[in-house]
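Here is a brief report on the model shown below.

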2 protein chains.
Amino acid sequence: MEPLLWVDEALEIIDQSLLPDRILTLRLESLAALREAIASLRLRGAPALGLAGAWGTALACREAGDPAAPGYESRVRELAEALARVRPTAVNLAWGVRQVLDTLEAAAPGDWPVLAVDCAARLHAEDRAAGQALCAAGAELLREGGRYLTHCNAGPLATSGVGTALGIFLEGRRRGLDFEVLVDETRPLLQGARLTTLELREAGVRHRLITDSMAAFAMARLGVDGVFIGADRIALNGDTANKIGSYGLALAARAHGVPFHVAAPLSSVDSACPNGAGIPIEERDGAEVRGYAGLRWAPSGTPTWNPAFDVVPAELIQDIVTEQGLLAAPFSRSIRDALSRLRVPNSHRARSTS
Amino acid sequence: MEPLLWVDEALEIIDQSLLPDRILTLRLESLAALREAIASLRLRGAPALGLAGAWGTALACREAGDPAAPGYESRVRELAEALARVRPTAVNLAWGVRQVLDTLEAAAPGDWPVLAVDCAARLHAEDRAAGQALCAAGAELLREGGRYLTHCNAGPLATSGVGTALGIFLEGRRRGLDFEVLVDETRPLLQGARLTTLELREAGVRHRLITDSMAAFAMARLGVDGVFIGADRIALNGDTANKIGSYGLALAARAHGVPFHVAAPLSSVDSACPNGAGIPIEERDGAEVRGYAGLRWAPSGTPTWNPAFDVVPAELIQDIVTEQGLLAAPFSRSIRDALSRLRVPNSHRARSTS
């Protein structure tokens, strides 16, 4: 499934708020429509939001009027920066906007509409190529008849259409391997139950849905050959922030000797972050914990703690699967070496939420 | 809150299916009404169901007609045994029925109605006394300003009105201690979110609700001074079956050096069970994992794995809080010694589900 595609001068997205029961493609022809789609989570997933920011900036170049008219450049910037603020915690969105605005800076305004589309298309293609290389490397870790476990949704829907942790399973299936994936439902927002199950079913990958509380016992009773998760941010020492629940899963995996794999493009590495202690953790509204989608089951007003992410310490991670292949411990060295092989310095980086 | 009370020849219960939003007392004057209440989970919790079996047998003695008429004894047995089958996996229910029927065996049928009420009242009082002694012992483990974590619902509602793991917190509060309890919501049936929060609020205990996936990170970020859980069955070596999620919690507790306390009356020890490998694990309907209470969020027909319980190995348990005080490792010895101090041999034992 393609979460977003640029088709005939507009952005077409799958409305993820209706999944899994309805698969509806929306055609977003204006910035206003894109803003609404992001605010209402019709479009989500850190890498996908980064691309939405880039394509949205291309829309801004079109909506800002005549490039020859006075004030065109500042109108583009205002429109694009307003888009970046729609989900202030999702820094990828701002990152995508910034990538395109930086590219436009040196060019004549008359070229902006075309240049913006070119730049967004390049970012889109790069994300896709990185995803494909990553999935090819990760699929080597799968074996016929194995059983794997994943958390949250790190599939095509969350990215440019290829995926990371979940993309590895899809690639394994394409290679003809038969294996089973246990899917953590991923409370509170249930991305595993709603999206990962759907993507695995579409790809014909055998799977069973479990509650997050069943993962440790699955390792003990059913046996699990590996855990694969995505990443929202990776520190230079390998400490990895990902959807809440990843840390408990990593502790259970260590207790059972189950390899714990992180799958993410190198754009998820934050060079400004030496270790996990520097990663801020977003805390969200308690209503998410008191119920789900309009149904409340806890007593009204029950106090909550609702961190959206946690941090898996590097020592619990077996390897980090990237577009350059598997990075192994010590991660301080392997990550540094991988970054140095990137042509473009990894300065403006995704630091976001899914 | 009293989940069930015998008042003027009938059983009064709180309808737990309406909690937390409505607190409604139902008066059950017939076996038919009791059967309906158990089948629809208006009454739940292993120890509470055991008492319901006992009180239901007293109702059977009344509904079976004239004790002097032929066939009275077999009518009583049929009615009581039909009650025991309402939740076949909840063996406590059958245990309560069996306790009363065994007591009646040696008596003249004319005495059965009165004897059955006496026996049920005795079991009820014993469960309450055991709960109070257990909570008094457990409260010694709490400290002013501490932070504790619990899973599922092991409070007054699940028992004769005193509770086990949760009862300890209520006793600590009665003693004037101020501390905080983190409450696992306890998917899939959300007993923590619905019932534990309610009981803590009523008792004025500070608490915050979290999803099960947040517990490990709470230990890392917030700090937790102890985990308290109940037990559905304890093997002779201390291995403990409890609500699914208990095992992962125990692994996280060990990784953080957090003491893991099991609180249960000695009637939860199964002398027929040398260790956890012998404890069968009930698997329930996948609809519980695909959604909650009529709301389905996973794709229709998604395969699931839904064990209702897991097993915490004895080596992860710091102590078992019982009506005889704290049992320490090695549990094989401390449990055997405790059982030998019980006056009544622990033969027909609760082996049930909550």
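## Symmetry of the copies

Chain B can be superposed on chain A with an RMSD of 0.1 Å, using a turn of 180° and a shift of 0.0 Å along the axis. The same surface serves both: 98% of the contact residues of chain B recur in chain A. Contact means heavy atoms within 4.5 Å.

## Basis of the values

This is a predicted model, in which local features need pLDDT of at least 70, side-chain atom pairs count only at pLDDT 80 or more, and totals for chains, interfaces and linings use all residues. Residues are numbered from 1 along each chain as its sequence is written, chains are lettered from A and ligands numbered from 1 in the order in which they are written, and side-chain values use heavy atoms, with hydrogens and water left out.

## Cis peptide bonds

Most residues other than glycine have a negative phi, and most peptide bonds are trans. A:Leu19 and A:Pro20 are joined by a cis peptide bond, with omega about 5°. A:Pro20 sits in the loop between strand E2 (10-14) and strand E3 (25-28) of chain A. Helices (H or I, at least four residues) and strands (E, at least two) are DSSP runs, numbered from the N terminus.

A cis bond also links A:Arg187 to A:Pro188, with omega about 5°. A:Pro188 belongs to the loop between strand E5 (180-184) and helix H7 (191-203) of chain A.

## Positive phi

A:Cys152 is not a glycine, yet its phi is positive, near 65°. Its loop runs between strand E4 (147-150) and helix H6 (165-174) of chain A. A:Cys152 is buried, at 5% relative accessibility. Buried means under 20% relative accessible area, exposed over 50%, and partly exposed in between (1.4 Å probe, protein chains only).

B:Ala293, also not a glycine, has a positive phi of about 50°. This residue lies in the loop between strand E11 (291-292) and strand E12 (295-296) of chain B. B:Ala293 is exposed, with a relative accessible area of 60%.

## Around A:Thr150

A:Thr150 is part of strand E4 of chain A. It is buried, at 2% relative accessibility. A polar atom of its side chain lies 2.7 Å from the backbone oxygen of A:Phe228.

Beyond its neighbours within four places in sequence, A:Thr150 is in contact with residues including A:Ala165, A:Phe169, A:Val183, A:Asp184 and A:Phe228.

How values were computed: Least-squares fit on C-alpha atoms with pLDDT ≥ 70 in both. Polar contact = N/O pair within 3.5 Å; in protein donor to acceptor, adjacent residues only side chain to side chain.
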